[in-house]
Amino acid sequence: EGSWSKFWIGADAALAVSISWVPLAADYTRHSRSTKAAFGAASVSYTATQIVAYVLGLFALALAARGGTDDAYQPFQAVTLGALFFAVLVLREVDQSFADNYSTAVSIQNLAPRADRRVLTVLLGGLTAGLALVLNIDNYFGFLGLIGSVFVPMLGVLAVDFFVLGRGRDWNVSAAAPSRWGMITAWGAGFVVYQLINPGDAGRWTDFWIDLQGRLHFTPATWMSASLLSFVIAGLAAYVIGTVGARSPDPAKSSV
């Protein structure tokens with residue numbers, strides 16, 4: 001309707017789609033032979049596929065739409081090359097299902113290092129297939145709001161921790177690596193900011209955050225981006241917590 005009031009909500013949804021795949025890059029690039037290969041392959045391939053996917057979406061909207069009413073839309077497959085474009089999207093989604101299962105298995109191994117990825121992947125595949133037969137995920141926009149609120153502040157924390165606090169040094173990913181609850185706290189701050197600005201459309205979950213908005217007398221402005229602001233807040237919190245933690249004396253070293 002000629003208004004920019006919903007621009008950042010749409011941008012948050014688009015960013016949520018892209019950023020939800022960032023954890024998978026870590027799962028697969030760990031097999032790379034060099035840092036340059038890992039970064040280059042992930043950056044180029046992810047960028048290219050995201051651009052292609054969004055361009056196909058624009059073509060679908062431009063070619064399949066006729067007029068300005070819902071009844072004026074025709075199936076995407078009915079337009080020129082529509083079936084081909086649709087087949088590309090279908091193949092892309094099938095590939096993502098296998099990638100997601102493997103990524104989830106790797107994530108579980110962070111909590112249970114001795115678990116067999118092969119067994120976990122088969123079990124997860126059966127579980128998700130069963131849930132897909134029972135659940136009706138017809139609110140994709142609400143789903144994007146949830147995953148965006150998880151992964152956007154997480155990336156903010158990781159970026160600050162690695163590039164600013166760690167200055168590009170390798171992380172300690174051994175089994176003896178210490179827990180760092182401060183970074184969880186920083187992520188939580190970004191998560192809350194995201195939900196307060198863009199609670200999405202997820203039933204009772206959204207109702208909870210809208211009620212919290214009222215209790216805090218907070219009304220999101222149209223210029224507020226949940227993604228950008230939660231990224232900044234999570235990053236700043238990670239920097240403050242990491243800096244304070246680095247300055248605090250280590251009890252183990254003090255007792256020696």
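Author: Happy to; we can start with the overall picture and then turn to helices, cores and aromatic rings. Keep in mind that this is a predicted model.

Reader: Great. How many helices and strands does the protein have?

Author: The protein has ten helices and zero strands. Along the sequence, the pattern reads α-α-α-α-α-α-α-α-α-α.

Reader: And what share of the residues is buried?

Author: Of the 256 residues in the protein, 28% are buried. The accessible surface comes to about 17,400 Å², and carbon and sulfur atoms account for 68% of that surface.

Reader: What about contacts, how many join residues at least 24 apart?

Author: If you take the contacts between residues at least 6 apart in sequence, 63% of them join residues at least 24 apart.

Reader: Let's pick a helix. How far apart are the end C-alpha atoms of α1?

Author: They are 18 Å apart. Helix α1 covers residues 7–19, and at 1.5 Å a residue its 13 residues should span 18 Å, so the two values agree.

Reader: Which residues of α1 are buried?

Author: Those are Ala11, Asp12, Ala13, Ala16, Val17 and Ile19.

Reader: Now α2. Where do its buried residues fall, seen down the axis?

Author: Helix α2 runs over residues 22–29, and its buried residues include Leu24, Ala25 and Asp27. Seen down the axis, the buried residues of α2 fall within an arc of 165°, so they line one face of the helix.

Reader: Nice. What span should α7 have?

Author: Helix α7, residues 181–197, has 17 residues and should span 24 Å at 1.5 Å a residue. Its end C-alpha atoms are 25 Å apart, which agrees. In α7, the buried residues include Met183, Ala186, Gly190 and Phe191, along with Tyr194, Gln195, Leu196 and Ile197.

Reader: What about Thr185, buried or exposed?

Author: Thr185, which is also in α7, is exposed, because its relative accessibility of 51% is over the 50% cut-off.

Reader: Changing topic: which residues make up the largest nonpolar core?

Author: That core has seven residues: Val157, Val160, Met183, Ala186, Ala234, Ala237 and Ala238. Two or more of its residues come from each of α6 (140–165), α7 and α9 (226–247). Helix α9 gives the most, with three residues.

Reader: Which residues is Ala234 in contact with?

Author: Setting aside its neighbours within four places in sequence, Ala234 is in contact with Pro153, Val157, Ala186 and Gly190. Another core of six residues lies apart from the largest one, and among its members are Ile19, Tyr194, Ile197 and Ala226.

Reader: How far apart are Met154 and Trp187?

Author: In space they are 5.6 Å apart, C-alpha to C-alpha, and in sequence 33 residues apart. Met154 sits in helix α6 and is partly exposed, at 32% relative accessibility.

Reader: On to the rings. How many aromatic pairs are there?

Author: The count is eight aromatic pairs. One of them is Phe7 with Trp8: the ring centres are 5.1 Å apart and the planes are at 75°, so this pair is edge-to-face. Phe7 is partly exposed, with a relative accessible area of 40%, and Trp8 is partly exposed too, at 27%.

Reader: And how do Phe208 and Trp209 pair?

Author: Phe208 and Trp209 are edge-to-face, with 5.2 Å centre to centre and 80° between the planes. Phe208 is partly exposed at 47% relative accessibility, whereas Trp209 is buried at 6%.

Reader: Last one: what is the phi of His217?

Author: His217 has a positive phi of about 55°, although it is not a glycine. His217 lies in the loop between α8 (204–216) and α9, and His217 is exposed, with a relative accessible area of 73%.

Notes:
Residues numbered from 1 in each chain as written. Predicted model: local features only at pLDDT ≥ 70, side-chain atom pairs only at ≥ 80, totals over all residues. Heavy atoms only, no water. Phe/Tyr/Trp six-rings, centres within 6.5 Å; stacked < 30°, edge-to-face > 60°. Buried < 20%, exposed > 50% of the residue type's maximum accessible area, 1.4 Å probe, protein only. Helix = DSSP H or I, 4+ residues; strand = E, 2+ residues; numbered from the N terminus. Expected span 1.5 Å × (residues − 1). Core = buried A, V, L, I, M, F, W, Y, C linked by side-chain atoms within 4.5 Å. Contact = heavy atoms within 4.5 Å. Arc of directions from axis to C-beta. Areas by Shrake-Rupley, 256 points an atom, 1.4 Å probe, with all protein chains shown as cover.
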